[in-house]
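This report describes one protein model by its helices, sheet, domains and core. Please consult the sequence and the coordinates alongside the text.

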Amino acid sequence: MSTHTPVMVTERVGYFPGHVNIGLVVGNTGAILIDSGLDTQTAKKIKKGLDAITQPLTAIVQTHAHADHFGGNAYLLDCWPEAKVYAPPLEEAVIRNPILEPIYLNLGAEPLDDLRNKFLLAQPSRVDDLLPLEGDVEIDGITLTILSLPGHSWQQAGIVCDDICFAADSYLGEELLAKHKLPYLVDAGKTLDSLDRLLASSYSGYLPGHGVFATAVHDVLEKNKEWHLRIYDTIEEILQVEHTLEEALAQLCERVGIAVETVSSYVLFRSAFMGYLIGLHREGRIGYRLSQNRWLWHASVRDQVAPPLDEER
Ligand SMILES: [Zn+2]
């Protein structure tokens with residue numbers, strides 16, 4: 001973040017740009033933040049930004065419970081103890097108990113020390129109120145509309161105010177897609193549904209959690225869809241031969257040019273891969289079986305029994 005002052009897009013709605021964009025809605029008595037960034041260092045910049053516009057913090061509205069979106073809460077709530085925290089159901093459990101993130105990434109087991117870094121394990125924060133999954137909520141005299149945008153995380157919320165949509169991590173900026181290659185998600189099918197939902201919307205502006213503010217997002221949303229659908233196809237191709245999740249993941253990484261270097265990245269890719277398998281399985285495109293104590297995944301339609309090209313598959 002190069003500047004402490006927020007970028008305003010309407011009279012009362014703006015954002016602090018950064019690796020994680022933080023939304024800002026100026027309420028009747030102070031500032032409402034949408035997410036709080038990764039850590040104390042980020043939170044200190046936000047504090048300066050709020051001081052610069054002479055607004056105290058009245059609320060933090062969380063889009064979802066990833067460490068880089070709520071890691072700034074602890075510091076900000078120390079500065080403004082009376083501020084309220086709002087979060088979607090289920091996500092709130094992780095915000096209050098951040099150890100759950102390294103736990104689920106470690107297959108539910110006690111996390112290794114390598115998984116206890118600030119990118120996966122934020123400081124805990126209280127949550128005062130649950131957001132509705134869908135619909136309007138009034139905070140500090142301002143009506144916010146909550147959109148259910150699951151897929152990247154279980155109950156991720158998009159937040160709309162003054163016709164500006166804070167889209168959380170429902171889509172990534174194009175250059176970030178290319179950088180991440182295998183975007184984090186928990187359910188590729190729901191990720192695609194959420195992208196369709198945004199494609200059908202026509203707000204006057206959109207801000208993703210990672211990427212740039214834009215008034216027109218049709219192209220970037222389509223790029224995101226194409227990206228996920230291409231990964232679907234590649235996984236289906238790989239599973240023409242039966243593989244365990246880890247074998248298939250290694251092949252996918254090789255094909256898309258990922259060289260995993262840390263256990264932290266590995267577990268994120270592994271969960272994302274499972275999220276794609278879940279989506280493909282729901283569509284009936286892949287199946288699984290247990291054999292010799294291995295959980296094997298396979299494409300439903302194999303090449304050798306594939307229908308002629310003119311038939312739909
Ligand atoms: Zn996220």
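Which residues of α7 are buried?

## Helix α7

The buried residues of α7 are Ala 188, Gly 189, Lys 190, Thr 191, Ser 194, Leu 195 and Leu 198. A residue is termed buried if 20 or more other C-beta atoms, placed from the backbone, lie within 10 Å of its own, exposed if 12 or fewer do, and partly exposed in between. The model is predicted: local features need pLDDT of at least 70 and side-chain atom pairs count only at pLDDT 80 or more, whereas totals for chains, interfaces and linings use all residues. Residues are numbered from 1 along each chain as its sequence is written.

Helix α7 covers residues 188-199; helices (H or I, at least four residues) and strands (E, at least two) are DSSP runs, numbered from the N terminus. Its 12 residues should span 16 Å at 1.5 Å a residue, which agrees with end C-alpha atoms 16 Å apart; the expected span is 1.5 Å times one less than the number of residues. The buried residues of α7 pack against β11 (164-168), α8 (218-238) and α10 (263-282).

## The open sheet

Seven strands form an open sheet of mixed pairing, in the order β1-β2-β3-β4-β5-β6-β7; two strands pair if DSSP finds at least two bridges between them. The edges are β1 (7-8) and β7 (129-130), each with a single partner strand, so one side of each has no neighbour in the sheet.

Strands β5 (residues 57-61) and β6 (residues 84-87) run parallel and are joined by three bridges. Val 61 has Tyr 86 in β6 as its bridge partner.

## Domains and nonpolar core

The domain assignment, which comes from an automatic or database source, gives domain 1 (7-169) and domain 2 (232-305). Their C-alpha centres lie 32 Å apart. The contact between them takes eight residues from domain 1 and five residues from domain 2, where contact means C-beta atoms, placed from the backbone, within 7 Å.

The largest nonpolar core has 80 residues, of which Leu 24, Leu 33 and Ala 167 touch the most other members. Such a core is a set of buried Ala, Val, Leu, Ile, Met, Phe, Trp, Tyr and Cys residues joined through C-beta atoms within 7 Å. Helix α10 gives the most to this core, with eight residues. Both domain 1 and domain 2 give residues to the core, so it lies between them.

## An exposed position

Glu 254 lies in helix α9 (residues 245-256). This residue is exposed, with 11 other C-beta atoms within 10 Å.

Notes
Contact = placed C-beta atoms within 7 Å.
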